[in-house]
Amino acid sequence: MIQLHRLSHPDQPFVLNADLIMRVEKTPDTVISLTNGDKFIVRESMEDVVELVRRWRAGLIQQALVGTDAEPAPLAPVVHLADSRPAPASE
């Protein structure tokens, strides 16, 4: 869920299920169209909405991978396939 502000009520934040967003338009106000046909005109820019959704999704993935209380897992070392091939036989 992402927190936004309606253009008509900028002092009253609301949360929106980002999974329902079908389209975000700049007309010049930011209009969010949902899959169920609802539309919201929000104070945030189109770029801000996209960034909020990106961060929300990244947070979900991180929680699924490492858990909510754990530190992020260290990255595994990179293994190059070229390094693991046997050397060509000499003639």
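Val50 is partly exposed, with a relative accessible area of 48%; partly exposed covers values between buried (under 20% relative accessible area) and exposed (over 50%), found with a 1.4 Å probe on protein chains only. The model is predicted, so local features need pLDDT of at least 70 and side-chain atom pairs count only at pLDDT 80 or more, while totals for chains, interfaces and linings use all residues. Residues are numbered from 1 along each chain as its sequence is written, and side-chain values use heavy atoms, leaving out hydrogens and water.

**Position of Val50**

- Val50 sits in helix α1, which covers residues 46–66; helices (H or I, at least four residues) and strands (E, at least two) are DSSP runs, numbered from the N terminus.
- Between Val50 and Ala18 there are 9.8 Å in space, C-alpha to C-alpha, and the two are 32 residues apart in sequence.

- The structure holds 5 salt bridges, where a salt bridge is a side-chain nitrogen of Lys or Arg within 4 Å of a carboxyl oxygen of Asp or Glu.
- One of them pairs Arg57 with Asp19, and the closest N and O atoms are 3.1 Å apart.
- This pair links distant parts of the chain, 38 residues apart: Arg57 belongs to helix α1, and Asp19 to the loop between β2 (13–16) and β3 (21–26).
- Arg57 is partly exposed at a relative accessible area of 36%, and Asp19 is also partly exposed, at 47% relative accessibility.
- Lys26 forms a salt bridge with Glu47, with 3.2 Å between the closest N and O atoms.
- Here too the pair links distant parts of the chain, since Lys26 is in strand β3 and Glu47 is in helix α1, 21 residues apart.
- Glu47 has a relative accessible area of 43%, which makes this residue partly exposed.

- Arg55 forms a salt bridge with Glu51, and their closest N and O atoms are 2.9 Å apart.
- Both Arg55 and Glu51 lie in helix α1, 4 residues apart, or about one turn of the helix.
- Arg55 counts as exposed because its relative accessible area is 57%, whereas Glu51 is partly exposed at 28%.
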